[in-house]
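Here are my notes for your read-through. Please keep the structure open beside them and check each point as you go.

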Amino acid sequence: MKKHYKFSIWYFIIGIWIVLIVQNYLAGSFAVKTLPYSEFLQYLEQGKVAEVAITANEIQGRLKAESENGKEQYFKTVKVDPEISELLSAHHVKYSGTIESTFLRDIISWLLPVFIFLGVWFFLMKKMMPQQPGFMSLGKSKAKIYKQEATGITFDDVAGVDEAKVELEEIIEFLKNPDKFTDFGGQMPKGLLLVGPPGTGKTMLAKAVAGESNVPFFSISGSEFVEMFVGLGAARVRDMFEEAKKNAPCIIFIDELDALGKARGIGGYGGHDEREQTLNQLLVELDGFDSNIGVILMAATNRPEVLDPALLRPGRFDRQVLVDRPDKEGRKKILEVHLRKVKRIGDLDIDRLAAMTAGMVGADLANLVNEATLLAVRSRKERVEMAQFEEAVERVVAGLEKKNRLINKKERNIVAYHELGHAIVSMSLPDTDPVQKITIVPRGIAALGYTMQLPTEDRYLMSKTELLNKIATLLGGRAAEQTVFNEISTGAHNDLAKAADIARSMVIEYGMSEQMGQVYLKGESKGQFLMPGLSQRGEYSEATARKIDEEVKKIIDEQYQVALNILAGQRDTIEKAVQVLLEKEKISGEELKQIMQGTELPGREEEPAA
C-alpha cells in the first residue's frame, strides 16, 4: 500500500535549526576579528600583515601565521588615513582596492522577508481550505479516466445478468470494429441506459464493457455536475464531451443519472435552475456529437420514472437495458464468482444456498459470502462450510443474534407460542413457503424471535389463495397468543403491518375483492425499483375509500379466524413443541414436522404420563 506523507511545521523548524548550527560552525571556522586602527598599525610595523583589501570605509586583511602549522587570522578595521596606500607600500604589504556594491544585499534584505511571508501565507491558506478547487478548474469535468488495466473488470467478473450482457456485447463489437456497422450505413445508439434495483451490478457492467473493449472509461456521478455556482454544471458537461472526443473510442458513464436528469419543472425554480441548465447542456451535447466517432454514453439509474422524457427519446438514451434481480441460476453464478476469493471452502451446497437467497441482488450475495467468511474466522473454523453460510443468511435477513439480551420467563413463553403459531399455521396450509427454522433467540433491533421461511424456487406470480394463506400465516402468532393465554401482546406489530399491506394490495391493485370488482385503484408509483408502498393515493371518493377499508378488514378477520381454527385443532402439538423450543431455543422445520406427526425426536425420551 502506498504511504502518504503529510508536511509538518516541525520539519521547517528543524531545518532552520540545522542551518543556524552550520552557519555558526562556519562562522567560527572563518572568524573575522575587528581590530582598532592603532593595533592594525602596530601589526603593520611588526610585519605581521600579509595582505589587505581597501574599501571606501573599511580595511580587510589577513595576518601571517605565527608558526608553520598555525592558523591564519582574518581581520577588519576602519579606514582612518586616506594615504594608507603609501604606508602599505613602505612595509611591502600587498594590497588592493575594491568598490563595494550594496545593490544585491539591499535587494535580498527586502525580497527575502517578502518571500518568506508569502510562503507562510500560502501554506496556511492551503491548510485552511484543502478541498477548494482552483479558480481555473471550476468549469473542468470531474470525470475520472480509467484505462483497461485500471478497471480490471471483464464479463467474467459479472454474473447473473446474462440478458444484459447480450445487449452490451453489441456495444463492445462496435467499439472494436466500427467499420462492420458503418459499412451497412447503420449507427450505434448514442446513449444506453442501465435500469434496475440498487445493487444489481449496473456500474460493474459499465466497467466490464470498457474492460472488454479495451477503451478509456470516463466515470462520473450525476450529482457532481451540479454546483453552487451557476453555469458550472453546463461547463463540465461540455468539458467532459470534449475530453471524450479526444480519447475516442471511449465510454462515458454517468452514475445516478436521476440526480442530473430529473424531469424539468419538478422540484426546481423554473427554467433558470442550475440543474435544468446542466440537463439542457447534456441534451445539446447528445444531439451534437456523431455516434460514429466511437463515443458511447452509458448511464445508470434505479428511478427511470423520474427522468425527463427528452432524455429517453430516440437519438439520445434510445436503448434501455434492464439489470434485474437474478434468478436462482443467476444467484448461483454470482456466488461462484464471489467464492473465488475465499481460500478455504469446505462442504458447500451452492444449489441450496442459491435457493435460500431468493430476492437478493449481487451486492447482498457479496456481503453474504463475506459474512460467512468472518463467522468462520470468529468461530476458529479451519474452513468455511454450509453452517456458516446458513448463519450468514439469518444474519442478513433477521439481523445480529443477541444471546446476551435478558428476557423474563413470561415473555419467553409468549415469544415461543407466538413463533410456533406462525410455523404451525404455515405448515397446515397448502402453497406456503417451507419453514426452515423457529427460534426464540432475539435478533436485530426489535425481534425477540422469528420463524424463518425461505422459498425453494423463484416466484413471479401468486394466486389469491396463496396470498390469503400468507396473511393467515402472519396472523398465526397473534392467534396462538389468543388461543393459549386468552390475551394478546404487542409482539404482532410487524405481522399486522405486513398482513394489512397484502390485504390492501389485493383490494386496490390485484382486483381480488368481490365487492370492489376488477378495478385498479392504486395511485401513481413513486419508484419502480425502490421500496414498495411509495405511491400516491388513487383518485377515488371517500365512499370508495370506506369500502376499501371494509374489504381489507374483512380479509384480515377471515384469515385470523382460519388461524384460530387451525391452532385450536393443534393444541397438543403446540404444547409439545413449546417444551422443545424452550429447552433448545432453536428447532428446525423438519423437527416441528416430526412433532406434528407424533414422531419422537432423537435424543429426547417421552415423558411418563401422570
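1. Start with Glu 585. In this predicted model, its relative accessibility is 35%. Find Glu 585 in the loop between helix 21 (571-584) and strand 14 (586-588). Now check its backbone. Phi of Glu 585 is positive, at about 70 degrees, although the residue is not a glycine.

2. Asn 486 sits in the loop between helix 18 (476-485) and helix 19 (493-508). Is Asn 486 buried or exposed? Its relative accessible area is 61%. Exposed means over 50%, so Asn 486 is exposed.

3. Look at the peptide bond between Ala 248 and Pro 249. That bond is cis. Its omega is about 0 degrees. Pro 249 belongs to the loop that runs between helix 9 (232-246) and strand 9 (250-255).

4. Turn to a helix pair. Helix 16 (residues 409-428) and helix 22 (residues 589-596) have axes that come within 11 Å. The crossing angle is roughly 75 degrees. Angles of 65 to 115 degrees count as roughly perpendicular, so helix 16 and helix 22 are roughly perpendicular to each other.

5. Stay with that pair and ask which residues meet. From helix 16 come Leu 420, Ala 423, Ile 424, Met 427 and Ser 428. Helix 22 brings Gly 589, Leu 592, Lys 593 and Met 596. What kinds of residues make up the contact of helix 16 with helix 22? There are 6 nonpolar, 2 polar and 1 charged.

6. Now step back to the whole chain. How many helices and strands does the protein chain have? The count is 22 helices and 14 strands. The chain holds 610 residues, and 39% of them are buried.

7. Consider contacts along the sequence.

8. Finish with the surface. The protein chain exposes about 36,200 Å². Carbon and sulfur atoms supply 54% of that area.

How values were computed:
Residues numbered from 1 in each chain as written. Predicted model: local features only at pLDDT ≥ 70, side-chain atom pairs only at ≥ 80, totals over all residues. Heavy atoms only, no water. Helix = DSSP H or I, 4+ residues; strand = E, 2+ residues; numbered from the N terminus. Buried < 20%, exposed > 50% of the residue type's maximum accessible area, 1.4 Å probe, protein only. Areas by Shrake-Rupley, 256 points an atom, 1.4 Å probe, with all protein chains shown as cover. Axes fitted to C-alpha atoms, helices over the stretch in contact; angles between N-to-C directions. Parallel < 35°, antiparallel > 145°, perpendicular 65-115°, else oblique. Contact = heavy atoms within 4.5 Å. Nonpolar A, V, L, I, M, F, W, Y, C, P; charged D, E, K, R; others polar.
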